[in-house]
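This dialogue takes up how selected features of a protein model may be read.

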Amino acid sequence: MSDPGDTVGSMTETADALALEETRASYDTVAADYADLLRHELAGAPLERAMLAAFAELALAAGAGPVGDLGCGPGRVTAHLHALGVDAFGVDLSSGMVEVARADHPGLRFEQGSMTALDLVDGALGGVLSWYSTVHTPPEQLPAVFAEYARVLAPGAPLLIAFKAGEGGRRLEHAYRHPVSLDVYYFAPERVSGLLAAAGLDVRSVLIREPGPDERTPQGYLLARKPAAA
Ligand SMILES: C[S@@+](CC[C@H](N)C(=O)[O-])C[C@H]1O[C@@H](n2cnc3c(N)ncnc32)[C@H](O)[C@@H]1O
């Protein structure tokens, strides 16, 4: 007879797998419209571009390998980094998003995969970009995702994470012109900082931007770095 603790463990794993499946299926559905709606969004976002420029400069200075845009969606930010001179590639859970990214940016590399278990050796990346890709990650899974980011970063390489700042979240049943089934989570910036530090990263800077007209929360942008090898 199984131990009651094992049952709780497997229920948690099942819930995690279901949440990932909901996210994947929803983004498969919205991929093409998401790409159309957000294709030019960065052009009107100077603070975001400033954080991405700082991240790109740090990654180029570290010179520690390719930069992974983890949860890249249609690859619009991967392409922005590429235009800044960064050797960037994308990974996304949704095969629909990966197809759209490859079609929109044929010169760049995009792979399907999950940032909860990346197909990369330790220290493979000269930078990790997580641009709103944890917005559907249940809070209790953040430590495992951040540990994965820290594992694949090379010593001295930067991480930039964008997230919706706050507490709680909401259920989305419709988004980007389609029915979806998605939980959106808001994270307190201090909590994101604390969890990244617990994963072994040095938090270097946190920018909080007030909500725009179509946003419900402030937006958080946090730069961190994997400590250089001793
Ligand atoms: C809000 S979209 C952001 C996409 C892109 N970063 C952008 O800003 O356009 C969230 C993306 O994260 C991806 N995603 C969510 N969980 C993921 C996971 N565990 N591994 C890889 N990608 C994930 C989704 O498929 C989706 O494309």
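This is a predicted model: local features need pLDDT of at least 70, side-chain atom pairs count only at pLDDT 80 or more; totals for chains, interfaces and linings use all residues.

The turns below treat the ligand site, helices, salt bridges, backbone angles and a surface patch.

Q: How many residues surround the ligand, and which are the closest?
A: A residue is near a molecule if one of its heavy atoms lies within 4 Å of it. Here 19 residues surround the ligand, and Tyr34, Gly71, Arg76, Asp92 and Trp131 are the closest. The shell divides into ten nonpolar, seven polar and two charged residues; in this scheme Ala, Val, Leu, Ile, Met, Phe, Trp, Tyr, Cys and Pro count as nonpolar, Asp, Glu, Lys and Arg as charged, and the others, Gly among them, as polar. Helix α1 (residues 4-38) supplies the largest share of the shell, four residues. Helices (H or I, at least four residues) and strands (E, at least two) are DSSP runs, numbered from the N terminus.

Q: Which polar side-chain atom lies 2.7 Å from an oxygen atom of the ligand?
A: A polar contact is a pair of N or O atoms within 3.5 Å; within protein, one must be able to donate a hydrogen and the other to accept it, and residues adjacent in sequence count only if both atoms are side-chain atoms. The atom in question belongs to arginine 76. Serine 114 places a polar side-chain atom 3.1 Å from a nitrogen atom of the ligand, and a polar backbone atom of methionine 115 is 2.9 Å from a nitrogen atom of the ligand. Taken alone, the ligand exposes 590 Å², of which the protein buries 97%. Such accessible areas come from the Shrake-Rupley method with a 1.4 Å probe; for residues, only the protein chains shown count as cover.

Q: Is helix α3 mostly covered or mostly open?
A: Burial is judged by relative accessible area: buried means under 20%, exposed over 50%, and partly exposed in between (1.4 Å probe, protein chains only). Helix α3 (residues 76-83) is mostly covered, with six of its eight residues buried. Those residues are Arg76, Val77, Thr78, Ala79, His80 and Leu81. Glycine 85, which follows α3, has a positive phi near 95°.

Q: How many salt bridges are there?
A: Side chains of opposite charge can pair when their charged atoms come close. The rule requires a side-chain nitrogen of Lys or Arg within 4 Å of a carboxyl oxygen of Asp or Glu, and by it the count comes to 15 salt bridges. Among them is the pair of aspartate 28 and arginine 24, whose closest N and O atoms are 2.6 Å apart.

Q: Where do aspartate 28 and arginine 24 lie?
A: An α-helix has 3.6 residues a turn, so residues three or four places apart point the same way. Both aspartate 28 and arginine 24 are in helix α1, four residues apart, about one turn of the helix. Aspartate 28 is partly exposed because its relative accessibility is 27%; for arginine 24, also partly exposed, the relative accessible area is 24%.

Q: Which residue forms a salt bridge with arginine 39?
A: The partner is aspartate 104, with the closest N and O atoms 2.7 Å apart. This pair links distant parts of the chain, 65 residues apart: arginine 39 lies in the loop between α1 and α2 (46-62), and aspartate 104 in helix α4 (residues 95-104). A network of salt bridges also links Glu22, Arg171, Glu173 and Asp183; within that group, arginine 171 and glutamate 173 have their closest N and O atoms 3.5 Å apart.

Q: What is the phi of tyrosine 176, and what is that of arginine 177?
A: Most residues other than glycine have a negative phi, and most peptide bonds are trans. Tyrosine 176 has a positive phi near 50°, and the phi of arginine 177 is positive too, near 75°. Tyrosine 176 counts as partly exposed because its relative accessibility is 30%, whereas arginine 177, with a relative accessible area of 52%, is exposed.

Q: Which residues form a nonpolar patch on the surface?
A: Patches are made of residues with over 30% relative accessible area and no salt bridge; like charges are joined within 9 Å, and nonpolar side chains (Val, Leu, Ile, Met, Phe, Trp, Tyr) within 5 Å. Val203, Val206 and Ile208 form such a patch, with about 190 Å² of accessible area together. Valine 203 has its place in strand β8 (residues 202-209).

Technical notes: Residues are numbered from 1 along each chain as its sequence is written. Side-chain values use heavy atoms; hydrogens and water are left out.
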